[in-house]
Amino acid sequence: MNDESSAVDYEQFIPRETGFIFKFIKKDNQFIHTFIEGKLIEKVGLCPDLVIGRSLTGFLPADQVKRKEVFYEKAWNGEQVNYEGSVGGIHYLAVLNPIRVNGETVEVIGTTIDITKEKIREKQAQQMEKLSVVGELAAGIAHEIRNPLTSLKGFAKIVKESVTDQKLIPYLDIMLDEMDRINQIVNEFMFIAKPKENVRFQYTNINKLLRDCIQFMGPQANLKSINIELEAEVQINLNCDGNQIKQVLINILQNAIEATENNGHFIGVSLEEMSAESVMITVSDKGCGISESRFNRLFEPFYSTKEKGTGLGLLTCKRIIDLHHGSIDIESQPGEGTTIRIVLPRNRNVESMLIAE
Ligand SMILES: Nc1ncnc2c1ncn2[C@@H]1O[C@H](COP(=O)(O)OP(=O)(O)O)[C@@H](O)[C@H]1O
Ligand SMILES: [Mg+2]
């Protein structure tokens with residue numbers, strides 16, 4: 001087999017930027033690769049030297065080898081085989097075509113194309129769909145739940161204050177706690193459904209806003225002996241919806257406190273000027289961190305690893321930050337901690353921001 005000339009042929013019909021092509025034969029009951037070419041090879045962490053002359057076991061982990069050998073076997077038996085796979089965040093679609101001479105397979109040609117972008121788009125579309133369902137639900141029932149809930153809560157408080165049987169107090173406390181939780185879910189629902197309705201931009205001192213949030217979270221942090229420290233060398237006023245940015249900070253601090261176990265009793269909050277155009281707020285914890293498998297799901301509605309979590313906190317943050325034309329970025333090391341960075345634009349006037357919606 002002359003691999004040099006084959007490479008030229010394949011280049012004409014395989015977009016080298018987005019895929020690769022490979023060939024294998026079956027020899028002594030083993031699938032041996034005889035050729036590989038294309039840009040995607042490096043992206044999936046391979047190189048021709050690793051692949052050519054070797055079987056799958058030579059360069060793939062055992063669980064992947066098993067799965068692929070099934071496809072390879074089918075192709076060798078004369079079937080065209082399609083399969084999807086992913087390595088290191090790259091999703092690909094592979095097609096195996098057996099080349100048959102006199103009814104015998106002499107080699108199999110595999111073509112692989114990068115479908116990462118399509119996969120991401122598909123996921124986003126699914127997420128939007130989920131969100132629109134959430135939105136409809138929220139718009140329809142959240143108000144209806146909130147009104148009776150307010151009466152329930154008010155009366156439960158009155159009963160708690162006047163009850164004479166002390167044994168009932170813990171039950172009433174649980175009722176009040178649970179009503180708070182329902183209220184929180186309903187509020188988050190309503191915000192996700194219609195985040196733009198209540199936006200009120202005004203000049204806000206971010207240093208004060210951060211201090212207020214830290215103070216607000218103080219009692220909860222104290223319970224776990226966590227010290228929340230603010231580092232801000234500049235005074236920053238931003239044109240933003242202060243209440244919403246507070247909501248973002250509170251959600252993030254809450255997550256940081258919840259993630260903190262026995263190790264780091266410290267959460268750092270910092271405020272800095274990035275440029276004339278933007279400022280950055282950073283919240284770092286030394287908590288449990290986020291594993292790679294969880295990382296991609298953080299902004300999904302209802303994705304929570306907590307028994308009592310709503311899985312709406314980070315999504316709400318993202319919605320608010322998007323509305324402010326900013327960005328939110330998460331970096332995490334499992335077991336070491338998590339850093340959340342929020343970048344917000346500054347000095348944009350209210351009109352231009354609202355018109356941009
Ligand atoms: N600082 C953090 N450290 C570790 N995990 C985090 C952190 N922030 C968020 N997470 C993970 O992201 C998930 C989603 O967070 P969120 O949207 O606020 O929902 P919830 O807090 O209700 O679970 C959490 O359940 C948790 O697994
Ligand atoms: Mg949360």
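This report walks through a predicted model, starting with a sheet and ending with a pair of packed helices.

| Strand pair | Direction | Bridges |
|---|---|---|
| β3 (residues 81–87) and β4 (residues 90–101) | antiparallel | seven bridges |
| β4 and β5 (residues 104–114) | antiparallel | 10 bridges |

Alanine 94 is a handy landmark here. This residue of β4 is the bridge partner of tyrosine 83, and alanine 94 also stands opposite threonine 112 in β5. If you follow the chain from β3 into β4, you pass through a hairpin with two residues between the strands. Glycine 88 sits in that turn and has a positive phi of about 50 degrees.

## A helix on the sheet

Is valine 65 buried or exposed? Its relative accessible area is 5%, and since buried means under 20%, valine 65 is buried. Setting aside neighbours within four places in sequence, valine 65 is in contact with Leu56, Thr57 and Leu60. Serine 55 lies 10 residues away from valine 65 along the chain, and the C-alpha atoms of the two are separated by 9.2 Å.

## Two nonpolar cores

The largest nonpolar core holds 38 residues, and within it Ile228 and Leu253 touch the most other members. Several elements give two or more residues to this core, including α7 (206–223), β8 (237–240), β9 (266–273) and β10 (278–285). Helix α8 gives the most, with eight residues.

To see how Leu253 is surrounded, look beyond its neighbours within four places in sequence: its contacts are Cys213, Ile214, Met217, Ile228, Ile267, Val269 and Val283. There is also a second, separate core of 25 residues, with Leu46, Phe71, Val81 and Ile90 among them.

## Helices α8 and α10

Now for the helix pair. Two packed helices are described by the angle between their axes and the distance between the axes. For α8 (residues 242–259) and α10 (residues 313–323), the angle is about 150 degrees and the axes are 9 Å apart. Their crossing is left-handed.

Which residues make the contact? From α8 come Gln244, Ile245, Gln247, Val248, Asn251, Ile252 and Asn255. From α10 come Gly313, Leu314, Thr316, Cys317, Ile320, Ile321 and Leu323. Sorted by class, this contact has eight nonpolar, six polar and no charged residues.

Why is α10 described as largely enclosed by the rest of the structure? Eight of its 11 residues are buried, so the description follows from that count. The buried residues of α10 include Leu315 as well as Gly313, Leu314 and Thr316. After α10 comes histidine 325, whose phi is positive, near 60 degrees.

Methods
Residues numbered from 1 in each chain as written. Chains lettered and ligands numbered in written order. Predicted model: local features only at pLDDT ≥ 70, side-chain atom pairs only at ≥ 80, totals over all residues. Heavy atoms only, no water. Axes fitted to C-alpha atoms, helices over the stretch in contact; angles between N-to-C directions. Helix = DSSP H or I, 4+ residues; strand = E, 2+ residues; numbered from the N terminus. Left-handed = near helix turned anticlockwise from the far one by under 90°. Contact = heavy atoms within 4.5 Å. Nonpolar A, V, L, I, M, F, W, Y, C, P; charged D, E, K, R; others polar. Core = buried A, V, L, I, M, F, W, Y, C linked by side-chain atoms within 4.5 Å. Buried < 20%, exposed > 50% of the residue type's maximum accessible area, 1.4 Å probe, protein only. Pairing = 2+ DSSP bridges.
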